[in-house]
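Q: I have a model open and would like to go through it piece by piece. Can we start with the overall picture?

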Amino acid sequence: MSFMELSLRRLRTLREVARRGGVNAAAGTLHFSPSAVSQQLEALAAEVGAPVLERVGRGVRLTEVGRVLVEHAEVLLAAEQQACAAVEGARQSLSARLTVGVFPAAAAALVPAVVDDLAARHPGITVDSVEADTEDVATDVRHGHLDLALLLDYPDAPEPWRTDLTVVPLGRDQIHLAAPAGTAHRPGVELGALADEDWILSGPDTYWGRAVRTACRRAGFDPRVRHRADSSATAAAMVAAGLGVTLVSDLGRIFCPPAGVDVVPLARPLSRTIVAVHLPHTGERPTARAVLEAFGHAAVTRGLAPAT
């Protein structure tokens, strides 16, 4: 078998087809056309001397050779990450381009500070940020589409973290009432006192929507959602227009208009933890550690409390 020269890029493509269940689904996550994915797999089949996919009805499935390759792809791709970390460690200066998945508030409040920090301390490191759906971002890290990602962990709606990802807490993001300017609600308001308010809230299928609804139910009521808005900026603008109340975090305050919204502390503080997630071997890369440190500094600068 020594004649084989396996392409890691093509192995990554095959792994994605296996995980997504087909060429078209894999093409979407790989940002290739379906024909480009098929060409990659045909080239891989030529490398190993046997087909890696076979047609079943209108779909495809892995051949026995394809299944063997996918099993070994995890080991080979992990070794690639280890090699990258070792090479970075041997360099005299840090230099790399990393892609980070971020949620909207982190994109607006943290990424600018991180870019400035790295430009001053590690000018060889470039960060590309991608505003990513929090429901999919961990999968994108796991599949190698993102080097790092920022996620949110809500005590009122905890998400199970799989053991194949390393989770690094960056800070606690306090949550407050956001009400139209001039609200009668004063600092120290009980969440239960908001039961008769009209609410502006994202759907129950989102992390934020689930967490707020769970907190309200613990306070004895279901929020009367008059306006569903998945965007924090949209929700803040609707609050400023007097259409209802919502909850807003310290990071999310960046979306609140300078006038029109009163941010009122709750009697029983709510919070969420901002975490960075990455593959275990990514944490061995000096450049990744530098980026994580920059995000930690940005969190402190933004006034986030230490994660516990």
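Q: How many of the residues count as buried?
A: Of the protein's 308 residues, 45% count as buried, where buried means under 20% relative accessible area, exposed means over 50%, and partly exposed is in between (1.4 Å probe, protein chains only). This is a predicted model, in which local features need pLDDT of at least 70 and side-chain atom pairs count only at pLDDT 80 or more, while totals for chains, interfaces and linings use all residues. Residues are numbered from 1 along each chain as its sequence is written, and side-chain values use heavy atoms, with hydrogens and water left out.

Q: How many helices and strands are there?
A: The protein has ten helices and eleven strands. These are DSSP runs numbered from the N terminus: helices are H or I with at least four residues, strands are E with at least two.

Q: And what box do the C-alpha atoms fill?
A: Roughly 75 × 55 × 30 Å, taken along the principal axes.

Q: OK, strands. Is β5 mostly covered or open?
A: Strand β5 (residues 148–153) is mostly covered, with five of its six residues buried.

Q: Which way does β5 run against β3?
A: Strand β3 (residues 96–102) and β5 run parallel and are joined by two bridges. Two strands pair if DSSP finds at least two bridges between them. Gly101 stands opposite Ala149 in β5.

Q: What about β5 and β11?
A: β5 and β11 pair in the antiparallel sense, over five bridges. Here Ala149 stands opposite Val277 of β11.

Q: Moving on, how do β7 and β8 run?
A: Strand β7 (residues 198–201) and strand β8 (residues 224–228) run parallel, with four bridges joining them. The chain gets from β7 to β8 through helix α8 (residues 207–218), and this β-α-β crossover is right-handed. That term applies if, with the strands pointing away from the viewer, the path from the first strand over the helix to the second runs clockwise. As for bridge partners, Asp198 has Arg224 in β8.

Q: Where is Arg213, and what does Arg213 touch?
A: Arg213 is in helix α8. Not counting residues up to four places away in sequence, Arg213 touches Leu201, Ser202, Gly203, Pro204, Pro223 and Val225, contact meaning heavy atoms within 4.5 Å.

Q: Is Arg213 buried or exposed?
A: Arg213 is buried, yet has no salt bridge. The nearest side chain of opposite charge, Asp205, is 7.0 Å away. For charge, Lys and Arg count as positive and Asp and Glu as negative, with His and the chain ends not counted. A salt bridge is a side-chain nitrogen of Lys or Arg within 4 Å of a carboxyl oxygen of Asp or Glu.

Q: How many salt bridges does the structure hold?
A: It holds 13. In one of them, Glu64 pairs with Arg67, their closest N and O atoms being 2.8 Å apart. Both lie in helix α4 (residues 64–90), three residues apart, about one turn of the helix.

Q: Which pair links distant parts of the chain?
A: Asp173 and Arg272, whose side chains meet in a salt bridge at 3.1 Å, N to O. Asp173 is in strand β6 (residues 166–180) and Arg272 in strand β11 (residues 270–278), 99 residues apart. Asp173 and Arg272 are buried.

Q: Which residues form a salt-bridge network?
A: Asp117, Arg121 and Glu293 are linked in one.
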